[in-house]
Amino acid sequence: TTHPSPAADPAAGSAVKAADRAHVFHSWSAQGLIDPLPIAGAEGSYFWDYDGNRYLDFSSQLVNTNIGHQHPKVVAAIQEQAGKLCTLAPGFAVDVRSEAARLIAERTPGDLDKIFFTNGGAEAVENAVRMARLHTGRAKVLSAYRSYHGATAAAINLTGDPRRWPSDTASAGVVHFWGPFLYRSPFHAETEQQECERALAHLEQTIAFEGPQSVAAIILETVPGTAGIMVPPAGYLAGVREICDRYGIVFILDEVMAGFGRTGAWFAADQFGVTPDLLTFAKGVNSGYVPLGGVAISAEIAATFDTRPYPGGLTYSGHPLACASAVATINAMAEERIVENAAEIGEKVIGPGLRAIAERHPSVGEVRGLGVFWALDLVKNKETREPLVPYNASGAANAPMAEFAAACKRGGLWPFVNMNRTHVVPACTITEAEAKEGLTALDEALTAADAHT
Ligand code: PMP
């Protein structure tokens with residue numbers, strides 16, 4: 001593909017921004033303190049503003065556009081479906097919904113063969129938890145402190161990220177535990193094997209003290225994303241699976257971020273050799289071209305609702321436009337070897353490139369990831385591993401990360417920055433040349449972080 005050179009139109013940009021500031025109430029923001037950049041267009045790995053600046057998208061728009069921006073096959077499928085049938089209530093059988101469910105079920109691990117469609121990730125988590133509670137007749141759900149599961153009622157309580165704190169008053173039935181993370185080990189472990197063993201023992205002890213008969217589910221991100229892309233140690237997820245089986249607990253893997261190619265596989269669960277009872281997905285299923293998410297359900301849990309109605313669903317569940325875009329996305333990803341590309345670029349270009357960058361910069365404490373799912377953990381000091389900014393820093397305390405992000409943007413790179421980390425999460429379609437261009441810009445911008453070590 002060729003990338004159109006952006007035509008500058010600052011006056012149009014100003015008008016877009018003025019209307020935004022007058023009437024758009026933005027998510028997760030102090031309305032008076034934000035300065036949203038007006039965007040004119042996007043294609044492939046890039047998007048551009050009205051001032052003629054083009055950005056290489058190393059954020060994938062909240063780790064979402066796995067197939068890149070404006071993939072022609074997906075755009076055409078949405079247009080075609082719009083001409084045929086835009087909307088229909090969830091109770092009917094529709095060709096694109098049946099086909100999307102089949103394509104997803106064929107790719108999800110094990111016997112996760114029934115697909116419940118939602119409008120996004122948080123709603124998938126809400127329904128997975130509801131299914132687990134109804135299936136087991138138990139109430140509690142265990143989730144990891146270092147996690148993000150969404151912003152609706154149950155999903156935000158399960159989330160460990162500090163964005164949970166203002167909503168903690170309604171966290172009935174949610175218990176948090178520590179997942180494995182060797183670089184900042186909650187268990188003072190020194191090896192991956194120790195971290196794995198101690199994390200499993202901690203989880204088992206948590207269950208014992210909560211009462212195994214009251215625990216409906218354990219929910220984990222297969223590879224925790226927003227919280228720092230912490231690739232689990234070998235054996236951890238298999239150990240959790242075994243614990244769940246022993247106590248009759250439903251194992252939910254949240255692959256809203258990790259799924260559909262991000263880790264270099266259709267689902268990360270396969271890379272770690274585990275099959276959960278429920279798997280939540282969204283984002284990459286259709287790269288968010290139309291809102292879509294869902295829950296893949298095991299045969300056993302699906303059977304619970306054979307004669308007993310499942311109490312959940314929304315007007316737009318399994319929306320035809322969204323399902324048509326999922327069918328086109330999955331087919332294009334298969335035809336164009338996009339998942340394989342994510343694996344190869346990660347292994348051959350991004351991983352080695354980031355490790356070389358880490359050598360050069362005192363601010364880079366650790367490089368972790370796989371596929372097109374990487375994080376740089378930025379530190380004040382490589383020996384002590386003290387984070388470059390304090391946990392959940394805002395305002396002046398977060399200045400080092402803000403300066404780093406600004407340096408990226410000046411270099412034509414749109415970064416994903418969270419706390420003391422920058423995540424390298426480009427589209428799964430990224431080319432070797434684009435990845436190298438982004439790594440060069442990142443390398444330069446990290447000088448701004450080094451200044452704070
Ligand atoms: N689970 C995970 C692992 C996520 O990363 C996210 C979104 N970042 C969600 C759930 C929530 O998805 P959504 O924003 O589509 O509701």
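The model is predicted, so to speak of local features we need pLDDT of at least 70, and side-chain atom pairs count only at pLDDT 80 or more, while totals for chains, interfaces and linings use all residues. Residues are numbered from 1 along each chain as its sequence is written.

Some terms. Helices (H or I, at least four residues) and strands (E, at least two) are DSSP runs, numbered from the N terminus. Two strands pair if DSSP finds at least two bridges between them. A residue is buried if 20 or more other C-beta atoms lie within 10 Å of its own, exposed if 12 or fewer, and partly exposed in between, with C-beta atoms placed from the backbone.

I start with strand E8, residues 250-254. Five of its five residues are buried, so E8 is largely enclosed by the rest of the structure. Val250, Ile252 and Asp254 point one way, and Phe251 and Leu253 point the other. In a regular strand the side chains alternate between the two faces of the sheet. Between E7 and E8 the chain passes through helix H8, residues 236-247, in a right-handed β-α-β crossover; that is, with the strands pointing away from the viewer, the path from the first strand over the helix to the second runs clockwise. E8 also pairs with strand E9, residues 278-281, again parallel, over three bridges. There, isoleucine 252 is opposite leucine 278.

Next, strand E12, residues 373-378. Six of its six residues are buried. Which strands does E12 run antiparallel to? Strand E11, residues 364-370, is joined to E12 by six bridges, and strand E15, residues 421-424, by four. Glycine 369 is the bridge partner of tryptophan 374, and alanine 375 that of histidine 423. E11 and E12 form a hairpin with two residues between them, and glycine 371 in the turn has a positive phi of about 60°.

Last, the ligand. It is surrounded by 16 residues, and the closest are Gly120, Gly121, Ala122, Gly150 and Val256; near here means a C-beta atom, placed from the backbone, within 6 Å. Helix H5, residues 121-136, gives the largest share of the shell, three residues. By type, the shell has seven nonpolar, seven polar and two charged residues. Ala, Val, Leu, Ile, Met, Phe, Trp, Tyr, Cys and Pro count as nonpolar, Asp, Glu, Lys and Arg as charged, and the others, Gly among them, as polar.
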